[in-house]
Amino acid sequence: MIPAEFDYVAPTTVDDAVRALADAGEDAKVLAGGQSLIPVLRMRLAAPTKLIDLGKVAELRGVREEGNALVIGAMTSHYDVVRDPLIAEHAQLIAMATSTVADPQVRHRGTFGGSLAHADPAGDLLAPALALDAEMVVHGMDGRRVIPASEFFVDYFTTALRQGELLTDVRVPKYTGWHAHYEKFNRVAQAWSIVGVAAAVQVEGHTIQQARVGLTNMSSVPVRATGVERALIGQEATPEAIKAAAEHAVEGTMPVADGNADAAYREHLAKVLTSRAVTAACG
Amino acid sequence: MTTAAEPSLEVGKGRLRKEDARLITGRTRWTDNISLPGMLHMAMLRSPMAHARITNIDTSEARQMPGVLAVVTGADLADSQGSLPCAWPITEDMKSPDAPSMAVNQVNFAGEVVAAVVARSAAEAHDALEGIDVDYDELPVVLDMAEAIADGADLVHPDLGTNKSATWVFDSAEAGTGGNVDEAIASAEVTVERTFRQQRLIPAFMEPRSVVVDPTGEQVTMWSATQVPHILRLMLAMTLGVPEHKVRVIAPDVGGGFGGKLQVTPEEVITFLLAQQLGRPVKYTESRSESLSSAHHGRDQLQKLTIAAQRDGTVTGLKVELLADMGAYLRLVTPGVPILGAFMYNAIYKIPAYHFSCTNVFTTKTPTDAYRGAGRPEATFAIERMMDELAAELGMEPLELREKNWIKHEEFPYTTVSTLTYDSGNYEAATAKAKELFDYDGLRREQAERRQRGDTVQLGIGISTFTEMCGLAPSRVLGSLSYGAGGWEHGAIRMLPTGKVEVITGSSAHGQGHETAWSQIVADRLGVPFEDIEVLHGDTQSSPRGLDTYGSRSLTVGAMAVLAAADKVIEKAKPIAAHMMECSPDDLEFSGGKFTVRGTDTSTGITDIALAVFAAHDLPDGVEPSLDADATFDPENFSFPHGTHLCAAEVDTETGQVRLRSYVCVDDVGKVVNPLIVEGQVHGGLVQGIAQALFEEAVYDESGTLMTGTLADYLVPSAADMPSFTTDRTETPSTTNALGVKGVGEAGTIASTPAVVNAIVDAIRHFGVNDVEMPCTPMRVWQAIQGGAQSAAGPGSESGGGVGSLDTQGGAR
Ligand SMILES: Cc1cc2nc3c(=O)[nH]c(=O)nc-3n(C[C@H](O)[C@H](O)[C@H](O)COP(=O)(O)OP(=O)(O)OC[C@H]3O[C@@H](n4cnc5c(N)ncnc54)[C@H](O)[C@@H]3O)c2cc1C
């Protein structure tokens, strides 16, 4: 279908984008890669009066180091995330999860920041951001603020972003030398996760020193599987230990039923996939 | 005319398709690319309700909106729109509701058109839809077939007094072709009974439907993304009362149909009426979601089967009782689709007693109609699943059970219990080849080994030894089934003065590659180069007669008409050649494009004759100055491709995920004109059949709303979801046409679905599983392994992933 009419601006700096967003008021929308927003507009599920396209804001693209953290620009495409050498070295989990997103066409257009701001509970990048204690850097007319991932995802398609605020960067602490795996479960290759499990571990000898586990689509927001993490830390990376730890995967989850899975099946999958993700991460 | 035996030059060559360059580079014109001076655009308002009375429609706001020229409702069209045609009244007492293109008083499925806007631009037309206010009085929805035919059920069409459209029965005892099935069952040593659900599918062609209507005075031209331009023109004339000779229908390049464009659509009728009313060209192109929710669906049957056998595996009877969902209306061939299956449940087997009955049921869902295979995939699925179930019951190797019952190759021609005469086939050869390519014995060993080891990944082997009837169809057979038309096809040849050849075909290709295949066939017959031939189709002006493309009929029927026309050309050229070479026609032989005086090296090429005929200066007396010829071919019989398909599926017993590890098919489609095209048809067909087994389903919620209304929810698989196929062929020529060819368009789809489901059930049968409902989603497979009841996993309102679930704010708020 054809979207309803809207005005369009394409600022070139963050400051201009923030001002444009403030000027446009309530009915404005930010356009990033458009891979979620454009279908919504075309189906007329939303009819914003103005789109602020971030596509020309060069400073929002790319990955850089800042001390002990990586800073990923909100407009960095999935394609660039998957190939970025800094992410490969310090935040491998994010690259792994991103490589499972959709298909090459969508990965060339869709952005890291757009995925997080969109906050689809089935999106694959939320759980890694949460598990890795990422921080969202946002800019509005009142200036800059930093929101930890644990406070950023509020509900279905809802974040802590206030009206007039832009997500500009995502700061991810470095996990240099950690091992990671993203276990995605879906029915056809280009589909969203029915359940996904993001796992990162630091292993010395055979002992799991540290563990981070996040769950995709097990609630209205991504879930940090802290019970699993606690059960893993200090354990030998044996199949039995991992399996036992994975039993904690459903703690704190509230899975829904949809055409692909009912809640009980999702809970079962969360355990099986957690065990597989951690096993793969431990190598 | 008999031609001297000639080594076949073109037929059999794996030529790249002529039509692909323009398709791949986007240089062709699809209907939606057509733009005419002064053209207006139309958008449709569709009912969000599955069943409701329309109490009021207020269009006043829409009429005031920018660019709007007309807003119409069903009341405006009630007198002119007629009733959409159903060409297949399967029984004399079949109940068929009035089928308005635009709903007048009542809507009967969600997606039915209730109003239309014509505006200067497509955007303005869409904007104005929001200015139309419709008031509905909700009626109870009718969604479940079994409930729909129970006493006291809510009725879709109260004036019909029932939700049953018709019941169609075939009984071998009554027909005198076999025994009494109830006796066979009563006296059987073993019986197996199963009920299978053929889920509702959506054809999901790539190019959405689109129509442009140009009224240039009395004459009206319609471009439409249709499979059936000829039928469409006839039906427009019959439905709307417009004079047939004033209507021209053009199907330009069409991006797939799979039966989904074998239809006379409400949108075509409405666009026609509006263009006529406004005296301006009007275009309508549907959105993907409109296509998924309102273009006709396929399958949707409940199949109850009882098979009777002796302990040694000899099948003694088969009883089939069906409920088939028509949806809300009977479209072009809706009621006949399940009936086509009636002849196929006995498949390749010698079954001495057979009973088939099918009750067609109305529901408040999108109408169903033909979808790749139409009735035959359902039949093949059921019988091939039953053969595996019977083998399990008897503890017999499933291939041995099949072989025990199938028609041996020396028994052809063979007349089946359901009255068809199979002309040829060799099930032994195809099966032997498939077993070897598959490493059947090796995989059976691995299966046993994994089972013993209790591996979390279990292996299953699925078999489908299918046949099908295609090449629709002998006209007298269609007549005996009360079908509203014949099954002939038309072809013509025009010999141009420069030696080039135009071939005209009544088949209407929409992805099949007729231009290439017909060129190969004509090149051989007339002895002209492949490149010198152009094939014209899909325009009622250039190709005046035809019955179009569906039912794998184009090659076995359409190309035969072309071939007959080519023979007439040669026949017409012969006296002229004799005249030019001053000999008797009886001394001439035709081969390699030349008439040669027997025993000499004097010859004249057919293209030289074409030039001489164009000049017409020196022709024999009484000979018309034209070599052009046309022919109409009516087949004597169907065509019966067959094959053996073997599928190895790995089932992850911890998650229920199915991975197809290998897939081997050996198809027998008779003589092959172009192996590349055959390969393409087989691959595409396999994917569509596998998609039914694993992925696709049109799901409705309890209010009758389609939940799979986008391609994020209706899971059409991609190459990434498929194994690499191993395809091969045996070649048993058909004996009922001049080339020995059989249809290939539907074979892959018909054969593959049961092979996959049989493999899944085979992998987990030791958990006590004897069926998994399609599509075999990971959850269904996992639940089957758990032995629990299968949950339908009702569509949730708030899950993520997929456009259908996005909130109206469009994401981050
Ligand atoms: C066919 C298909 C398959 C897909 N499969 C998957 C999948 O498997 N896994 C997965 O995770 N995703 C999947 N996606 C979604 C994809 O990853 C999207 O790219 C992503 O969800 C949104 O990113 P975007 O850059 O396209 O954002 P847009 O669509 O442009 O925007 C999405 C929302 O976020 C807001 N927004 C965007 N950027 C900002 C910002 N910087 N500040 C504030 N608000 C902002 C927008 O206003 C809008 O509301 C799929 C998409 C498609 C089309």
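Predicted model: local features only at pLDDT ≥ 70, side-chain atom pairs only at ≥ 80, totals over all residues.
View 1. Over all chains, the structure holds 67 salt bridges.

**View 2. Four strands of chain A form an open antiparallel sheet.** The strand order is β11-β12-β13-β14. The edges are β11 (179–185) and β14 (223–224) of chain A, each of which pairs on one side only. Seven bridges connect β11(A) with strand β12 (residues 195–204) of chain A, and the two strands pair in the antiparallel sense.

**View 3. Three strands of chain B make up an open sheet with antiparallel pairing.** The order of the strands is β4-β2-β6. Strands β4 (106–107) and β6 of chain B are at the edges, each pairing on one side only. Strand β2 (residues 52–58) of chain B is joined to β4(B) by two bridges, and these strands run antiparallel. B:Arg53 has its bridge partner, B:Gln106, in β4(B).

**View 4. Acidic residues of chain B gather in a patch of negative charge on the surface.** The patch consists of B:Asp58, B:Glu61, B:Asp133, B:Asp135, B:Asp137 and B:Glu138. Strand β6 (residues 133–138) of chain B supplies the largest share, four residues. B:Glu61 is placed in helix α2 (residues 60–63) of chain B. Because its relative accessibility is 52%, B:Glu61 counts as exposed.

**View 5. B:Val114 is a buried residue of chain B.** This valine is part of strand β5 (residues 113–119) of chain B. B:Val114 has a relative accessible area of 0% and is therefore classed as buried. The C-alpha atoms of B:Val114 and B:Met102 are 5.5 Å apart, although twelve residues separate the two along the chain.

**View 6. A salt bridge connects the side chains of B:Arg197 and B:Glu773.** The N to O distance is 2.6 Å. The partners are 576 residues apart and link distant parts of the chain. B:Arg197 is located in strand β8 (residues 190–201) of chain B, and B:Glu773 in the loop between α21 (747–764) and α22 (778–786) of chain B. B:Arg197 is partly exposed, with a relative accessible area of 31%. B:Glu773 likewise counts as partly exposed, at 28% relative accessibility.

**View 7. B:Lys572 and B:Glu624 meet through their side chains in a salt bridge.** The N to O distance is 2.7 Å. Helix α18 (residues 554–581) of chain B carries B:Lys572, while B:Glu624 is in the loop between α19 (606–615) and β25 (629–633) of chain B. This pair links distant parts of the chain, 52 residues apart. B:Lys572 is partly exposed at 23% relative accessibility, and B:Glu624 is partly exposed with a relative accessible area of 45%.

**View 8. A network of salt bridges links residues of chain B.** Its members are B:Glu446, B:Glu449, B:Arg450, B:Arg453, B:Asp455, B:Glu650, B:Arg659 and B:Arg661.

Notes: Residues numbered from 1 in each chain as written. Chains lettered and ligands numbered in written order. Heavy atoms only, no water. Patch = residues over 30% accessible without salt bridge, like charges linked within 9 Å, V, L, I, M, F, W, Y side chains within 5 Å. Areas by Shrake-Rupley, 256 points an atom, 1.4 Å probe, with all protein chains shown as cover. Salt bridge = Lys/Arg side-chain N within 4 Å of Asp/Glu carboxyl O. Lys, Arg positive; Asp, Glu negative; His and termini not counted. Charge placed at Lys NZ, Arg CZ, Asp CG, Glu CD. Buried < 20%, exposed > 50% of the residue type's maximum accessible area, 1.4 Å probe, protein only. Pairing = 2+ DSSP bridges.
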